[in-house]
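Hi,

Here is the structure I promised to send over.

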Amino acid sequence: SACLVGSEMCIRDSDRSLYKVPALAVAASKGYYEVVMMLIMEGKVNVDQKCSQNGYTALMWASQCGHVDIIKFLLQSEANVNARDDYDGCSALGLAASGGHAAAVEVLLQAGANVHETENYGWTALIWASQRGQVATMNVLLCAGADVHVADKVGKTALMLAAEQGHVSAVELLLQAGADVNTHDKDGNSALIIAARSLSLIHI
């Protein structure tokens, strides 16, 4: 259940605990463009206000859900395109990439999102997209200069994570972009070894 209190919504979840979520964040996540527009134009909300649970801004919610029209309006309203959440340091770009929202990724990049930014575990937007097999999104990121050689905190690259999940098209795209099959993670595994272990039958 939910009720609106000022610029926040009080929501009672399944275990009956009560918590507050910015109304702008709720509208952005649900794709309610008119509500987002009304809240901002009335001047009663902070466009970069974060949810207390995870530190997501409205732009992050809209990006995670791929609501391009809302993303554009939030950016026009001077939302911080490179804000990071309070949980794992992910940005709107990383959230859009992980969800495979290529159009949203393109809009964010045009607005100045940092294609090289890493979250707390060392994942870039390209790593997120590769691990999920989001080839169209990967293409957008690579065209924007995303680095295929970046490794996360345990030494895994986008190629390794794509191979691990058996995303053949993603692996092929990364190889075309110059990804190195001989790079090893901190456990000594290469993309070839990871592909074999995952039984993905990828021929690299």
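Which helix does Val35 lie in? Val35 sits in α2, residues 33-41 (helices, H or I of at least four residues, and strands, E of at least two, are DSSP runs numbered from the N terminus).

Before the rest, some housekeeping. This is a predicted model, where local features need pLDDT of at least 70 and side-chain atom pairs count only at pLDDT 80 or more, while totals for chains, interfaces and linings use all residues. Residues are numbered from 1 along each chain as its sequence is written, and side-chain values use heavy atoms, with hydrogens and water left out.

Overall, the chain has eleven helices and three strands. Of its 204 residues, 49% count as buried (under 20% relative accessible area; exposed is over 50%, partly exposed in between, with a 1.4 Å probe and protein chains only).

Back to Val35: this residue is partly exposed, at 33% relative accessible area.

Now for α7, residues 125-132: seven of its eight residues are buried, so this helix is largely enclosed by the rest of the structure. The buried ones are Ala125, Leu126, Ile127, Trp128, Ala129, Ser130 and Gln131. What covers them includes α5 (92-98), α8 (135-143), α9 (158-164) and α10 (168-176). After α7 comes Gly133, with a positive phi near 70°.

One more on the chain as a whole: among contacts (heavy atoms within 4.5 Å) between residues at least 6 apart in sequence, 61% join residues at least 24 apart.

Cheers
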